Amino acid sequence: MLYREAGDFKTTYAKDQALIPIRQDRVMLYIAIALALLLPFVASDYFLGSIAIPVLIMVIAATGLNLLLGYCGQISLGSGAFMAAGAYMAYKCATAFPWLPMPVSIILAGLATAMIGIAFGLPAVRIKGFYLAVATLAAQFFLLWLFTHVPWFVNYTMSGVPTPPPATVLGVYVTGADAPNWAKYLFVLSFTAFLTWIAYNLVRSRIGRSWMAIRDMDIAAELIGIRPLWTKLTAFAISSFYCGVAGALWSFCFINTVEPTAFDINRSFQILFMVIIGGLGSILGSYFGAIFITLFPIFLNSAPAWLGLDIPGDIITHLEFMIFGAMIVFFLIVEPNGLARLWQLGKEKLRLWPFPH
Amino acid sequence: MAENLLTVENITLRFGGVKALTDVSFDILKGEIRAIIGPNGAGKSSMLNCINGFYHPQEGRITYKGQTRKQMRPYEAASQGIARTFQNIALFRGMSVLDNVMTGRVLKMKSSLLEQAFYFGRARSEEISHRSKVEEVIDFLEINAIRKTPVGRLPYGLQKRVELARALAAEPELLLLDEPMAGMNVEEKEDMSRFILNVNAEFGTTIALIEHDMGVVMDLSDRVVVLNYGEKLADGTPDVVRSNQAVIDAYLGASH
């Protein structure tokens, strides 16, 4: 009774194919957008800078991997390296063309990363599954090696770890050390919202259906007239574009340095976990996964203090790893389809509640 | 005399040392229902796979719509109007019925990637115009009630019907059906036979079907080609084939 589509009739295909066909869902979305925009007024600086910004950036990266893995069925362990590529490309763009508006530099970095993604996606034409995972690992190691060993990428900075140049949007600093957290938050939020909208559009269009067709039954897809090469490579390109933008934002709006260690293999695995825990083949799942994987360790870390327990810091860290790992295993057994599936089940229950038959 | 839609000539297909097809020739006329029958392992599915370019025969030629090729390519076959269903259902299990059928129209959509990303222009208008086309097919095959259901949740008989819908959505000229009635009960077979006849009558679609149920084959098809161990045994109208001694021997076993 609380959540239902009865009475919400559609009279045209256009309305039935709208992005969010159910009225209540639309209202929920408007509320969510309003809350997101109001957050800078109520949240602390710590919350904005250390929780909201990284979560929103990781949502972009997780959405990118979800398009590739969840929708097109091509596994990649190179997401971290593609984030690094985005960060370095954005740095090169922003320093070589300082007159370019910062959003344009970041989009250009994303496009450059998409090219790199296509190059490393080429093996997917021939190989699948675990073998492809190993092939994309090559991207992870090669790209990071490249960025650390070729000084051109860091403009021959002595330290090898340059700081992104400060830049303004509408007169407010959004990158660099002087940028206030609320401005960085809104900057990142606009990217996340925009790219989420794009992702939803892609998966409900021809390209999204082609990806899913390749994922579910590649032979049938080919015989229908879907070209596997083109379809897989667009998935790699778009996924890398998302990761590239996420990496650029991570460097420019969060850690404020361009360094390879932020994008090592652990980052790739973190994004992979987000997609799996959140829900493969669900954009909303990327949000759930990014929030869960980012916030849960923070929660575990601060829970003993809230409970008044006096546990030494190193033990807390070890406990955090153990509980977090156990949670992931537990979760994969109980609900292998991810948090998005739980959300969907909840909605289906609510449709019938309180009359279950 | 109707014109030839497809002619296969002297097709030989080998997998290493195994000969799946040996020197098989037959033709399919425009607008007819052509059955390919034969015992298990006779090479029927391999024949369909050669026709739509999934297998490449080592010898022989395929002439489709007047163009002769040594071998087809799947993309080429699909864009020239050859659609098919599969013996073991090959639906996209994670997608809804509607999305599966919409996927069948992939080659008819022309919008660019950018238009799709922003869902404007052709991407938007195509989604809507193709949706109404797809709804016609859904109406035709009477699967309206399940259009938003993920196909993985559907019973077997309905999945077969959705697969036919996906093939029909492409508006094919030649429809290849690989055992459309395998594993169905009598009512489901009757439904499927009705759909096949209706497709043939209403859209004028040429149909090549593989089927094991002889009653269905004899009732539905205009002409039958019989394969056995990769070789053509007989070719002709159902009555001719039924009375052919070699066919009877292949199916019932000959006395030695």
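Residues are numbered from 1 along each chain as its sequence is written, while chains are lettered from A and ligands numbered from 1 in the order in which they are written. In this predicted model, local features need pLDDT of at least 70 and side-chain atom pairs count only at pLDDT 80 or more, whereas totals for chains, interfaces and linings use all residues.

**View 1. Chain B as a whole.** Chain B holds 10 helices and 10 strands. Both are DSSP runs numbered from the N terminus: helices (H or I) have at least four residues, strands (E) at least two. Along the principal axes, the C-alpha atoms fill a box of roughly 70 × 40 × 40 Å.

**View 2. Burial in chain B.** Of the 256 residues, 42% count as buried. Buried means that 20 or more other C-beta atoms lie within 10 Å of the residue's own; exposed means 12 or fewer, and partly exposed is in between, with C-beta atoms placed from the backbone.

**View 3. The four-stranded sheet of chain B.** This open sheet has 4 strands in the order E2-E1-E4-E5, with antiparallel pairing. Strands pair if DSSP finds at least two bridges between them. Strand E2 (18-29) and strand E5 (67-69) are the edge strands, each pairing on one side only. From one strand to the next, the twist averages 15 degrees. Angles run from 0 to 180 degrees between N-to-C directions; axes are lines fitted to C-alpha atoms, for helices over the stretch in contact.

**View 4. E1, E4 and the helix on the sheet.** Strand E1 (residues 4-15) and strand E4 (residues 59-64) of chain B are antiparallel and share 5 bridges. B:Thr7 has B:Thr63 in E4(B) as its bridge partner. Helix H1 (residues 44-51) of chain B packs on the sheet and touches E1, E2 and E4. The direction of H1 makes about 115 degrees with that of E1(B).

**View 5. Two domains of chain B.** The assignment gives domain 1 (1-81 + 172-256) and domain 2 (93-170); such bounds come from an automatic or database domain assignment. Their C-alpha centres lie 27 Å apart. In all, 11 residues of domain 1 are in contact with 9 residues of domain 2. Contact means C-beta atoms, placed from the backbone, within 7 Å. On the side of domain 1 that touches domain 2, H7(B) gives the most, with 4 residues.

Methods:
Contact = placed C-beta atoms within 7 Å.
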